[in-house]
Every structure is written in structure tokens, then in C-alpha cells.
Amino acid sequence: MLIDQPSIIIMKLREILIAVYLANMAFAQSKLKIMPLGDSITEITCWRAKLWNDLRASNLTDRIEFVGSLNNTQACDIADEEFSKQHHEGHTGYLAIDIAYDHIETWINATTPDIVMFMLGTDDIARGRRIEDVIEAYTSMVGTMRKYNNETKIIIDTVVPLPTNMEPVEKLNGMIPDWAVQQNTTNSPIYINDIYPFPTSFLRDGIHPNDAGEVQIANGLNSLLTWIINSTTSI
């Protein structure tokens, strides 16, 4: 049976429309998944909102999503309603060693993030845990991240000061650079967001950042994420 020319054109147009639709669907599903991971400093403060605002100002939020099992915005001052749809893994009171050995596999398996940014160790220090155990927990967490995505980009924050217990804070922060070098790989690089200088005046209660502290944390993460997002999603 012969097919007339108009019918061929219609079929071709249909094929093109389907291809465009599928390409748009693939693009919509290709947002970079970023997991904010940590303790109460991640859960109950507003640096996540400030970071989202910064990324939005650079027209990057349409290319990313924050992932995790929790969704709470702490009534932070943010105009973008999209932030209310974002998630995280900030868990008040959780130690790095708790997360590394009891929780992270479930969280990573559920979301397979492309980027994980974390600040952990403050609660470990407050409860007298060995700094070496915190570093070992970091290593275990990185192994789990790479188990599910061997190209995970990882950002580790230095931890906030604890005015009544600075020695272990300084020890942990001093160990992070060498640890990051040892664990770094070409496919899964580790970046450090060094939040210092971070005066104790940036704390609202001796442990959680106030507005100035939140800005300090967000600024460093914004610079790193902007570079990672642009380098990862560019063609």
C-alpha cells in the first residue's frame, strides 16, 4: 500500500514531537540531587534557606533539588515557594558515628544524591567522643555514598566553634584537610567549605549559628556549589 506525502509528513511531525517530549522529560528528571546532611545545625537553622536564595539569584535552582527524608523550613525568611518543597537529612542530636553506622545507608539508598554536603562532629565533641572516631565515621560515610553513586561530589564543612570546648574543635578541623586529600578521587572529589573566620559572636546560643553565622556557612557553600553545578551540568 502506498502512503501519500501528507501522511508521511504527519508521521514525521509526530515522531519529532514525541522526541521533543521525551527530551523535555529527560531534562526535567535530570536535576542534580543535593543532600544537606548533618545534625541540628542543618535541621533547625536557616543556612539552607539562605543558600537556596543565593543559588536562585544565580538562576541555578531550576537545575537542582535538595533531597532527603525530612522537609521542614523552620519558617525561614525566604520568598521562593520552591524552597518549601526541598528536603534534607539534618537530624537534631545525631552524632557522626550514629549517622555513619546506623542511618546513612538507608538515606543514600533512597535518594542516590549527586552531591552531599555535610557538617558533622559537633555533637560527638559535646559528648566526649574521640576525634579519631569522627574521622573514621567520615570515611565510612564517604564509602556508603560512593557505593550508590561512585561519582558523588562531596562537600564537608569545618565545624562551628564551641566556646567552652575549643581544643577538640580545633583538632577536628585541623584533621579535615589531610583526610579530604586521602579520600579524594577524580570521579568523586571532596571539597572543603572552611567556614572560618567564625567568631563566637556568630553563635546564638553557644552552638547554633545566628543570622551572621548562617550567612557565613551559606556563602562558602554557594561558591562551591555554583562551580560544581555549572561544571557538572555544562555540555
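This tour moves through the aromatic pairs of the model and then through some backbone features.

The model is predicted, so local features are given at a pLDDT of at least 70 and side-chain atom pairs at pLDDT 80 or more, while totals for chains, interfaces and linings use all residues. Residues are numbered from 1 along each chain as its sequence is written, and side-chain values use heavy atoms, with hydrogens and water left out.

**Aromatic pairs**

Begin with the rings: a search of the whole structure finds 8 aromatic pairs, where rings of Phe, Tyr and Trp (its six-membered ring) pair if their centres lie within 6.5 Å, and planes under 30 degrees apart count as stacked, over 60 as edge-to-face and the rest as tilted. Select Phe118 and Tyr138, an edge-to-face pair with 5.3 Å from centre to centre and 65 degrees between the planes. Phe118 belongs to strand S4 (residues 115–119) and Tyr138 to helix H6 (residues 131–148), so this pair ties together parts that are 20 residues apart in sequence; helices (H or I, at least four residues) and strands (E, at least two) are DSSP runs, numbered from the N terminus. Phe118 is buried at 0% relative accessibility, and Tyr138 is also buried at 0%, where buried means under 20% relative accessible area, exposed over 50% and partly exposed in between (1.4 Å probe, protein chains only).

Next select Tyr191 and Trp227, whose ring centres are 6.1 Å apart with the planes at 65 degrees, so that this pair is edge-to-face. Tyr191 sits in strand S6 (residues 190–193) and Trp227 in helix H8 (residues 211–233), so the contact ties together parts that are 36 residues apart in sequence.

To complete the rings, select Trp52, Phe66 and Phe83, which ring pairs link into a cluster.

**Backbone features**

Most residues other than glycine have a negative phi, and most peptide bonds are trans. Select Tyr196 and Pro197, where the peptide bond from Tyr196 to Pro197 is cis, with omega near 5 degrees; Pro197 lies in the loop between S6 and H8.

Then go to Asn59, which is not a glycine but has a positive phi of about 60 degrees. Asn59 is in the loop between helix H3 (47–57) and strand S2 (64–66), and is exposed, with a relative accessible area of 61%.

Finish at Thr112, also not a glycine, with a positive phi of about 40 degrees. Thr112 is in the loop between helix H4 (96–111) and S4, and is partly exposed at a relative accessible area of 28%.
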